Amino acid sequence: MAIFAIHNPGTFTFGLLGNLVSFMVYLAPLPTFYRIYKKKSTEGFQSVPYVVALFSAMLWIYYAFVKSNAYLLITINTVGCVIETLYIVAFIVYAPRKARILTAKLLLLLNIGVFGLIVALTIFLAKGSGRVRVLGWICVVFSVSVFAAPLSIMRLVIRTRSVEFMPFTLSFFLTLSAVMWFFYGLFLKDYYIALPNIIGFTFGVIQMILYVIYKDRKKVILEEKLPEHVNNMIKLSSVGIAEVHPIEAEQNENQKEIGEHDQNSPRLTEQNDGGPKHQPEVVQQIQCSTEV
């Protein structure tokens, strides 16, 4: 435990709490991969969130080693690297050939190419404290870009007046994580850690406020708008994390559409005689996830 001997108890306390909360955030996609395992298919899920999360964890580990005395940053991001690697492997196992190729390209470009370039440039072109500053600002820019990703989700919530695309639990834990890592950076006097989490906290609070405002509103699932939700993935920033979940709409939400179809199509009224049955529409649930 000598390695965790930190002069400021606040640093250790918030770092430990940050580890616990971030670990729970890392485990958030488990239901997604359980579904993939059960269906032996990735369906409409994307690998981008996990590739970006792996890159983020690698970047913060490198920064923590260069800076030194940031051991709690190393522990959680090492765990994150392991978890995200397992997610990516599971995705590749069950993904179709096209998705596998895309995932491999992303890994080569981002996790090997870009990360390798950052390591090489900071080693050969920066020395001592200058290396920490350069790498710190790279981490800040990347983290701010990730934290800005929920802007598209918040816009979608306001436009549709529905929070089905923005789970409250995830927003809460991401906000709590931002608070823990902000104080960890503050007590450590490392503003490269603290600064991006101010933005993360702000966006997290806004998301929870929007949830309170729109949680009791009727979900907007209109038949004529379904193709937009099904065929178009929400465009986020270049390093934003968006996870697309195909889910079946609730039966009671489609009751009205079923009635309208029954009136317009005689074949659908003969369901008891072996006629075609109405199948629930498929919508997309978009979950935003950001990394510490």
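Biologist: How many salt bridges does the structure hold?

Modeller: A general idea comes first: side chains of opposite charge can pair when their charged atoms come close. The term salt bridge is used when a side-chain nitrogen of Lys or Arg lies within 4 Å of a carboxyl oxygen of Asp or Glu. In this structure there are 3 salt bridges. Please note that this is a predicted model, in which local features need pLDDT of at least 70 and side-chain atom pairs count only at pLDDT 80 or more, while totals for chains, interfaces and linings use all residues. Residues are numbered from 1 along each chain as its sequence is written, and side-chain values use heavy atoms, with hydrogens and water left out.

Biologist: Which residues are linked in a network of salt bridges?

Modeller: The network joins R35, K39 and E43. E43 pairs with R35, where the closest N and O atoms are 2.8 Å apart. E43 also pairs with K39, with 3.4 Å between the closest N and O atoms.

Biologist: Is E43 buried, exposed or partly exposed?

Modeller: These words rest on relative accessible area: buried means under 20%, exposed over 50%, and partly exposed in between, using a 1.4 Å probe and protein chains only. E43 is partly exposed because its relative accessibility is 36%. R35 is likewise partly exposed, at 24%, and K39 is partly exposed, at 45%.

Biologist: With which residue does D190 form a salt bridge?

Modeller: The partner of D190 is K67, and the closest N and O atoms are 3.5 Å apart. This pair links distant parts of the chain, 123 residues apart: D190 is in the loop between α8 and α9, and K67 is in helix α3 (residues 48-67). Helices (H or I, at least four residues) and strands (E, at least two) are DSSP runs, numbered from the N terminus.

Biologist: Why is D190 called buried?

Modeller: D190 is called buried because its relative accessible area is 2%. K67, in contrast, is partly exposed, since its value is 24%.

Biologist: Which residues does D190 touch?

Modeller: Contact means heavy atoms within 4.5 Å. Not counting residues up to four places away in sequence, D190 touches Y63, K67 and G185. The side chains of D190 and Y63 also make a polar contact at 2.5 Å. A polar contact is a pair of N or O atoms within 3.5 Å; within protein, one must be able to donate a hydrogen and the other to accept it, and residues adjacent in sequence count only if both atoms are side-chain atoms.

Biologist: How many helices and strands does the protein chain have?

Modeller: The chain has 11 helices and 2 strands. Their order from the N terminus is α-α-α-α-α-α-α-α-α-α-β-α-β. Of its 292 residues, 43% count as buried. Among contacts between residues at least 6 apart in sequence, 81% join residues at least 24 apart.

Biologist: Which residues does the UniProt annotation "transmembrane region" cover?

Modeller: UniProt positions are given here in the numbering of this model with shortened feature names, and annotations may be inferred rather than shown by experiment. According to the unreviewed UniProt entry, the annotated residues include 71-94 and 106-126. Residues 71-94 are 100% helix and 0% strand, with their end C-alpha atoms 35 Å apart. Residues 106-126 are 95% helix and 0% strand, and their end C-alpha atoms lie 27 Å apart.

Biologist: Which residues form a nonpolar patch on the surface?

Modeller: Patches are made of residues with over 30% relative accessible area and no salt bridge; like charges are joined within 9 Å, and nonpolar side chains (Val, Leu, Ile, Met, Phe, Trp, Tyr) within 5 Å. Here L117, L121, I123, F124 and L125 form such a patch, with about 540 Å² of accessible area together. Accessible areas come from the Shrake-Rupley method with a 1.4 Å probe, and for residues only the protein chains shown count as cover. L125 is in helix α5 (residues 97-125), and L125 counts as exposed because its relative accessible area is 68%.

Biologist: What is the phi of K40?

Modeller: Phi of K40 is near 55°, a positive value in a residue other than glycine. K40 is in the loop between α2 (30-39) and α3. N69 also has a positive phi, about 60°, although it is not a glycine. The place of N69 is the loop between α3 and α4 (71-94).
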